[in-house]
Amino acid sequence: MIGNTLPTVTAEEAVKVVKSGDHLHWPCVAAAPEILIQALVARADELENVHITHLYTEGYADYVLPQYAKSFHLDSFFIGGNVRKATQNGWADYIPCSLSDTARIIRDGIQPADGVFLMVSEPDADGYVSLGSSVDCTLAAIESAKYVVAQVNRYMPFCYGDARIPVSKITAFVRHDVPLAEAEFPALSEQDIAIGKHAAALVPDGATLQIGIGNIPNAVLAQLTNHRHLGIHSEMFSDGVLPLIESGVIDGSRKKIDVGKHVATFLKGTQKLYDFVNQNPAVLMNDVAYTNNPMIIAQNPKVVALNSAIQIDLTGQVCADSIGTKMFSGSGGQLDFMLGAGASEGGIPIVAMPSITAKGVSKIVPTLADGAGVVTPRTVVHWVITEFGAVNLFGKSMKERAQLLISISHPSVQEELEKAAFERFSEKMY
């Protein structure tokens, strides 16, 4: 029983509602209901052509294994490490889109949802459960689904905003209590710290932050302890913001919308983060169509959007989704927030990255690799940061951009880049 009011069934019983040809959706990151997914895969011999969509997930993803190709097909909105090899080998596929469009793609029936698998919190006294750590585009799928199967998990935080849904929306509940998957945070390198310092120097008091997870975002956050009245409007956030919220640096008081609220559409972090957001009215977990809408983002002043790149060429084109022709991740919300920050009053769009990879390959290149995707076009790029400095490309000519990017490239490749720039832009460059 759930709250002594709602009956539960086993995962095996619950997933019997899925029929061949159905289109399924489930939420991302820690909210992916693995017990339901495992029970679905156990039915592989009974099913054909079940179509699956989701954003980035972690953990169990056997539905993309080649032996199940006749039973299941994944078209993801963002490629996680657990499905990357399958996607690159053709056993799964990717839908190119910005995260802001994922909910529309579902609502308009371009990628329909017959059924939804969820992980939800315990119900509250008013008869609502919470989608907890991930609303993303799953709310859109729930609105149109014929059936909704939910794993109820006492470890899922009860979050507010668009995360609250009535229990009447749920077709069947499965009880399975398991701690949410937690993120790991490696120690910051000197390179990370240098990038963090350059980025933090651009952040004004009263800024609204879009900042994700990883060493570079954490390095930036670590440098903001003397700032005042920062806010959060982001597709996600993690543990790095907690010390700043606890110290009052992040209070959301200068935002023009959702004043005093910390806004995201999904979360990834440790148990400390999940405890912080649980039943916290200051945290709003909203539909991705809201959090990632550039027109919504731009309503807050001084939006600082921090994003990364796989490569950036000498004209400012940013590849962030593929390595050459091989898809690696996806467009995500990068363009959403680059556009939103660019349109924000006093906004600061940033692409921050190490100058070279761990293998010593420059991330600033004469031209993008053959087949590489342009996630952020050169017309939208403003600030680019490496450990060697920060440069603003906005409003600059092609030759000026090349000079600026070369100035923050790794010293080992500067001569090569200068030669490439000379050949591309002629001797009149210098």
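In strand β22, valine 351 is the bridge partner of asparagine 307. Asparagine 307 belongs to β17, a strand of the predicted model that spans residues 303-307. β17 and β22 (residues 348-352) run parallel and are joined by four bridges.

Five of its five residues are buried, so the strand is largely enclosed by the rest of the structure. In a regular strand the side chains alternate between the two faces of the sheet. Both faces of β17 are covered. Val303, Ala305 and Asn307 are buried on one side, Val304 and Leu306 on the other. Lysine 302 lies in the loop between α11 (294-297) and β17. Its phi is positive, near 55°, although lysine 302 is a residue other than glycine. Lysine 302 is partly exposed, with a relative accessible area of 33%.

At 53% relative accessibility, asparagine 49 counts as exposed, because the cut-off is over 50%. The loop between α2 (34-41) and β2 (50-53) also holds arginine 43. Arginine 43 is buried, with a relative accessible area of 13%. Beyond its neighbours within four places in sequence, arginine 43 is in contact with Val15, Lys16 and Val18.

Helix α4 covers residues 99-107. Its buried residues are Leu99, Ser100, Thr102, Ala103, Ile105 and Ile106. An α-helix has 3.6 residues a turn, so residues three or four places apart point the same way. Glycine 109 follows α4 and has a positive phi, near 80°.

Helices α13 and α14 form a packed pair. Two packed helices are described by the angle between their axes and the distance between the axes. For α13 (residues 398-407) and α14 (residues 414-425), the angle is about 175° and the axes are 10 Å apart. The two helices are therefore roughly antiparallel to each other. The contact residues of α13 and α14 divide into six nonpolar, two polar and three charged. From α13, the contact draws on Met398, Lys399, Ala402, Ile406 and Ser407. These meet Gln414, Leu417, Glu418, Ala421, Arg424 and Phe425 of α14.

At the level of the whole protein chain, the model contains 14 helices and 25 strands. Of its 430 residues, 56% count as buried. Among contacts with a separation of 6 or more, residues 24 or more positions apart account for 69%. The C-alpha atoms fill a box of roughly 75 × 50 × 40 Å along the principal axes. The radius of gyration is 22 Å. This agrees with the value near 22 Å for a compact globule with 430 residues.

Definitions and conventions. Residues are numbered from 1 along each chain as its sequence is written. This is a predicted model: local features need pLDDT of at least 70, side-chain atom pairs count only at pLDDT 80 or more; totals for chains, interfaces and linings use all residues. Side-chain values use heavy atoms; hydrogens and water are left out. Axes are lines fitted to C-alpha atoms, for helices over the stretch in contact, and angles run from 0 to 180 degrees between N-to-C directions. Angles under 35 degrees count as roughly parallel, over 145 as roughly antiparallel, 65 to 115 as roughly perpendicular and the rest as oblique. Contact means heavy atoms within 4.5 Å. Ala, Val, Leu, Ile, Met, Phe, Trp, Tyr, Cys and Pro count as nonpolar, Asp, Glu, Lys and Arg as charged, and the others, Gly among them, as polar. Buried means under 20% relative accessible area, exposed over 50%, partly exposed in between (1.4 Å probe, protein chains only). Two strands pair if DSSP finds at least two bridges between them. The radius of gyration is taken over C-alpha atoms; the globule rule is 2.2 Å times the number of residues to the power 0.38.
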